[in-house]
Amino acid sequence: QVCVSGCVCPEGLYDDGRGGCVEKEDCPCIHNNLWYSSGQEIAVDCNTCICQQGGWNCTGEACFGTCMIYGSGHYITFDGKFYDFDGNCEYAATQDFCGGENSGGSFSIITENVPCGTTGVTCSKAIKMFLGVSNGTQRNKDYKEIQRDVGDDVQYWNRTVGLYLVIEASNGVMLIWDRKTTVFIKLTPHYKGKVCGLCGNFDDKSINDFTTRSGLQEANALMFGNSWKQSSTCPDVTQEIKPCDVKPHRKSWAEKECSIIQSEVFKICHSKVDPIPFYEACVHDACSCDSGGDCECFCSAVAAYAEECNKADACVFWRTPDIC
C-alpha cells in the first residue's frame, strides 16, 4: 500500500489551511495572522477589502498621509521612512512651499527642537502651524524665509479627543498632539508629491524622502535634516548621538523595559509593522531621558509602536496598572 498524505484534497477541492477541503470560491484569506471566510470584509487604512477565492480584493482609494514625530528625535515620514535626527533649532516639518523662488503655498508646520536630558538628544518642544498665503520671499544666505500673511482663506478648528489636541484646517491639514513629545501631521491625498520638509514628500515612495531644501537627494539623515533648519545661525548636527553609549548604566534597564515591543503582547502586530526600529528607538529614549520623565519617554516610545499597529488594523491592549 502506498501512503498518501492526509492533507491532499480530492480533485476540484482545495486545502483550506485549517484541515478541511473546500471549493475554490470558498477558500479563506489570511490577514495579520487571522483567517477570514470567503465574502468577509475588513478595513485596511481607508480602503475596504473583500475575501474572494483566497485573495483580497481591495478598493483603491487614496488615503490620508500621516507623518509622526516622537520622543527624542524620531521621524516616520508620510511614505513610511523611519529615521532619527537630533537638531537643536527650528525645522520645517512639512510645508507646501516647495517650488522655485516665488512659489506659493497654503501652510507650513515648524517644529522647535530642544535638548532633553543630558546626552544631547533633542525633543520637539513646540509646533508652529502657519496657515494662509505667502506674500513674497527674502533671501538670507542659503535659506529662504517666507513671510506669511495669515489671511482668512484658511479656517481651522481645534478640539480634544482623548489624550490628544486636534487642530484641523479647511485646507486639508490636521495636527494631532499628545501634549507631550508626540505629534502626528495628517494631510489629505490632495497634497501627494506637493510637500517637503523633515516629513518627506508624500509621493508613496520612501526612497526619495531625504530631499533637501535645495532639491538634492541625500543618503544621510544629518545632511537632510540640517537643510531644513529655519535659521542659518543654528549649528549643523555633525554626528549621531548614541545615548546608551553615553549612559551605559541605563542600557540594560532600557532593553528590559522596551522588550515589551518584541514580546507576545504585540505578537499580532509583528507581521504588519516591523518592531525592530521601534524597539531601538525605545531603548535610545529610555537611555537618554535621564533628567526626569524616564517612564514618560518609555511609554511614549511604546505608544508610538501601538499607534502604528492600530493603523495597520492590529489593535493591541498593552497598558496595564503596572505599565504606563
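**Helix first, then sheets**

Mentor: Happy to, and keep in mind that this is a predicted model. Let's begin at the start of H5, where a side-chain oxygen of aspartate 274 reaches to within 3.1 Å of the backbone nitrogen of isoleucine 276.

Trainee: Which residues make up helix H5, and how far apart are its end C-alpha atoms?

Mentor: H5 covers residues 275–288, and its end C-alpha atoms are 20 Å apart.

Trainee: Which ones are they, the buried residues of H5?

Mentor: Among them are Phe278, Tyr279 and Val283, along with His284 and Asp285. The two cysteines, Cys282 and Cys287, are also on the list of buried residues.

Trainee: How does helix H3 sit against H5?

Mentor: H3 is residues 251–258, and its axis comes within 8 Å of the axis of H5. The two axes cross at roughly 135 degrees. H3 and H5 are therefore oblique to each other, and the crossing is right-handed.

Trainee: Switching to sheets: what is the strand order in the one with S5?

Mentor: That open sheet has three strands in the order S5-S6-S7, and the pairing is antiparallel. Its edge strands are S5 (41–44) and S7 (55–58), each pairing on one side only. Neighbouring strands there are turned by 35 degrees against each other on average, direction ignored.

Trainee: How many bridges join S5 to S6?

Mentor: Four, with S6 being residues 47–52. For a pair to look at on your screen, isoleucine 42 has cysteine 49 in S6 as its bridge partner.

Trainee: What about the sheet with S11, which order do its strands follow?

Mentor: S11-S12-S13, again an open sheet of three strands with antiparallel pairing. S11 (90–95) and S13 (122–131) stand at the edges with a single partner strand each, so one side of each has no neighbour in the sheet. The twist averages 25 degrees from one strand to the next.

Trainee: How many bridges join S11 to S12?

Mentor: Five bridges join S11 to S12, which is residues 107–115. Have a look at alanine 92, which stands opposite isoleucine 110 in S12.

Trainee: Great, I'll go and find those pairs on the screen.

Terms used. Residues are numbered from 1 along each chain as its sequence is written. This is a predicted model: local features need pLDDT of at least 70, side-chain atom pairs count only at pLDDT 80 or more; totals for chains, interfaces and linings use all residues. Side-chain values use heavy atoms; hydrogens and water are left out. The expected span of a helix is 1.5 Å times one less than its number of residues. Buried means under 20% relative accessible area, exposed over 50%, partly exposed in between (1.4 Å probe, protein chains only). A polar contact is a pair of N or O atoms within 3.5 Å; within protein, one must be able to donate a hydrogen and the other to accept it, and residues adjacent in sequence count only if both atoms are side-chain atoms. Two strands pair if DSSP finds at least two bridges between them. Axes are lines fitted to C-alpha atoms, for helices over the stretch in contact, and angles run from 0 to 180 degrees between N-to-C directions. Angles under 35 degrees count as roughly parallel, over 145 as roughly antiparallel, 65 to 115 as roughly perpendicular and the rest as oblique. A crossing is left-handed if the near helix is turned anticlockwise from the far one by less than a right angle, and right-handed if clockwise.
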